[in-house]
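Hi,

Here is the structure we talked about. Please open it alongside this note; my notes on charged pairs follow.

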Amino acid sequence: MATKEETTLSTDQQAVATVVRDEVAGMLSKDIEKLKQVLAPDARLFHLTGKEESREEWLNQIKLGRMRYLANQEVKLAVNISPDGQTASAVCDNRLKARI
């Protein structure tokens, strides 16, 4: 069921929100192929610890079970599309349960 905020999202914003949620779903299910689809090959990931990893390093950690995502609660997701429609940004507030 769509939230009140989701019903006011444009089609482009909904598409971005879907990608963000697909990423989280991929993290929870250890779906490496899904994560490769939604993350740019040159993506850099920054952990709360300050550690920085490439996409491939992070995916390998998930694959090996060193990075395990157990549960998620989405609190808020805000999506902005540039006026020219060429770029988008998403700010997420997720409560992830993980074993790292």
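**Salt bridges**

Glu 52 is partly exposed, at 40% relative accessibility. Its partner is Arg 44: the two side chains meet in a salt bridge, 2.9 Å from N to O. Arg 44 is partly exposed too, with a relative accessible area of 42%.

Bear in mind that this is a predicted model. Searching the whole structure gives six salt bridges. I describe three of them here, including the Glu 52 and Arg 44 pair.

Next, Arg 21 and Glu 74. They form a salt bridge, with 2.7 Å between the closest N and O atoms. This pair ties together distant parts of the chain. Arg 21 sits in helix H2 (residues 11-29), and Glu 74 lies in strand E3 (residues 68-81). The two are 53 residues apart. Arg 21 counts as partly exposed, at 29% relative accessibility. Glu 74 is partly exposed as well, with a relative accessible area of 34%.

Then there is Glu 53, which forms a salt bridge with Lys 51. The closest N and O atoms are 3.5 Å apart. That is within the 4 Å cut-off, so the pair counts.

Is Glu 53 buried or exposed? Glu 53 is at 3% relative accessibility, so it counts as buried. The limit for buried is under 20%. Lys 51, by contrast, is partly exposed, with a relative accessible area of 45%.

When you look through the model, start with the Arg 21 and Glu 74 pair, which links helix H2 to strand E3.

Best wishes

Notes:
Residues are numbered from 1 along each chain as its sequence is written. This is a predicted model: local features need pLDDT of at least 70, side-chain atom pairs count only at pLDDT 80 or more; totals for chains, interfaces and linings use all residues. Side-chain values use heavy atoms; hydrogens and water are left out. Helices (H or I, at least four residues) and strands (E, at least two) are DSSP runs, numbered from the N terminus. Buried means under 20% relative accessible area, exposed over 50%, partly exposed in between (1.4 Å probe, protein chains only).
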